[in-house]
Amino acid sequence: MAIRKLLLLLKPVDLYPFLETDGVSLIKNHQVLQYLESRCKVHRDAITFCQEILNKKPVEWKPISRNDLSHPIRDVDMVITVGGDGTLLHASHFIDDSVHVEELSDQFDASRSTGHLCAATVDNFEQVLDDILFGRVVPSKVSRISVKLNSEPLLSHALNDILISHPCPAAVSKFSFKIKNKDGDTNPKTVNCRSSGLRVCTAAGSTAAMLSAGGFLMPMLSRDLQFMVREPISPGPTLSQMHSAFKPDQSLDVNWYSDHGTIYIDGCQVNYNVQLGDTIEISSDAPVLNVFLSQGFTQIRSRY
């Protein structure tokens, strides 16, 4: 497919509106102020650079701040996100499998924004863009998570992970889960849990919170999903069942036994409330996301 119409999705430039009020900085620590101002400048420069490159290419494009994105993205061939992985995650909730995605990182602070899904930086953006426009590279089909609440599909799909927990992080969550095959057969064991919640991630998300919690890396293009019960309370003989993975022809079925709960999708921006007696079905049935990844990232080493 020829790529001729692009959407430039930008992390907001004025990330720190508290820097000045009536010309007076609210931050008294000069080092902190200098750091924040430097981040803003690098991001502005990256946006300007990207726009200058696009103006030289045989494409039609328009910019939009991610804060202004409220409807599904239509009538474009590709979305270029300028920011970090968070900007791409935000964009993914508005994109189906007919749109391609490329992410540009400004590379200011690699320790703060890892950029696992970044296809390009300001140093190689034009080369990567040309490779895409002239068909020298193809996008990777990255799996996402589908969630059904009481048999009704949720509108948002997770690119990284979902977390199901009590809305208060100090509260205990009570739930059970079992793995079900799509032919209707279920794992004979239902696992009952008291814990701080349940996390499920994609292969892309296995490099994020799941890995930090002790999970394993998965091959980038795997369609499997990994799950982990967070901080289980006295799991006893079920401890070995608190962390594993399930296949594309399976789902993870959860029964919620707490008065309150929340499903968090790719962080805290998208969430849905759950209550006592609700059922949650988690699978990889969501449309894939076509993402142009950095060279070699699809060969990420796996411990799975």
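View 1. The model is predicted: local features need pLDDT of at least 70, side-chain atom pairs count only at pLDDT 80 or more, and totals for chains, interfaces and linings use all residues. Residues are numbered from 1 along each chain as its sequence is written, and side-chain values use heavy atoms, with hydrogens and water left out. Helices (H or I, at least four residues) and strands (E, at least two) are DSSP runs, numbered from the N terminus. Buried means under 20% relative accessible area, exposed over 50%, and partly exposed in between (1.4 Å probe, protein chains only). Packing is judged by contact, meaning heavy atoms within 4.5 Å. Helix α2 spans residues 85-92, and six of its eight residues are buried, so the helix is largely enclosed by the rest of the structure. Those buried residues are Asp 85, Thr 87, Leu 88, Leu 89, Ala 91 and Ser 92.

**View 2. Strand β19 is covered on both faces.** In a regular strand the side chains alternate between the two faces of the sheet. Leu 289 and Val 291 lie on one side of β19, Asn 290 and Phe 292 on the other, and all are buried. Two strands pair if DSSP finds at least two bridges between them. Strands β4 and β19 run parallel and are joined by three bridges; Val 101 has Val 291 of β19 as its bridge partner. Strand β6 (residues 140-142) pairs with β19 in the antiparallel sense, also over three bridges. Here Lys 141 stands opposite Asn 290.

**View 3. Six strands form an open antiparallel sheet.** Their order is β8-β7-β18-β15-β10-β11. The edges are β8 (152-153) and β11 (191-195), each of which pairs on one side only. Strand β10 (residues 173-181) is joined to β11 by five bridges in the antiparallel sense.

**View 4. Ser 283 is a buried residue of strand β18.** The strand covers residues 279-283, and the relative accessible area of Ser 283 is 3%. Leaving aside residues up to four places away in sequence, Ser 283 touches Arg 144, Ile 145, Ser 146, Leu 225, Phe 246, Gln 250 and Ser 251. Ser 283 and Arg 144 are 139 residues apart in sequence, and their C-alpha atoms are 8.7 Å apart in space. The side chain of Ser 283 also reaches the backbone nitrogen of Asp 285 at 3.3 Å.

Note on methods. A polar contact is a pair of N or O atoms within 3.5 Å; within protein, one must be able to donate a hydrogen and the other to accept it, and residues adjacent in sequence count only if both atoms are side-chain atoms.
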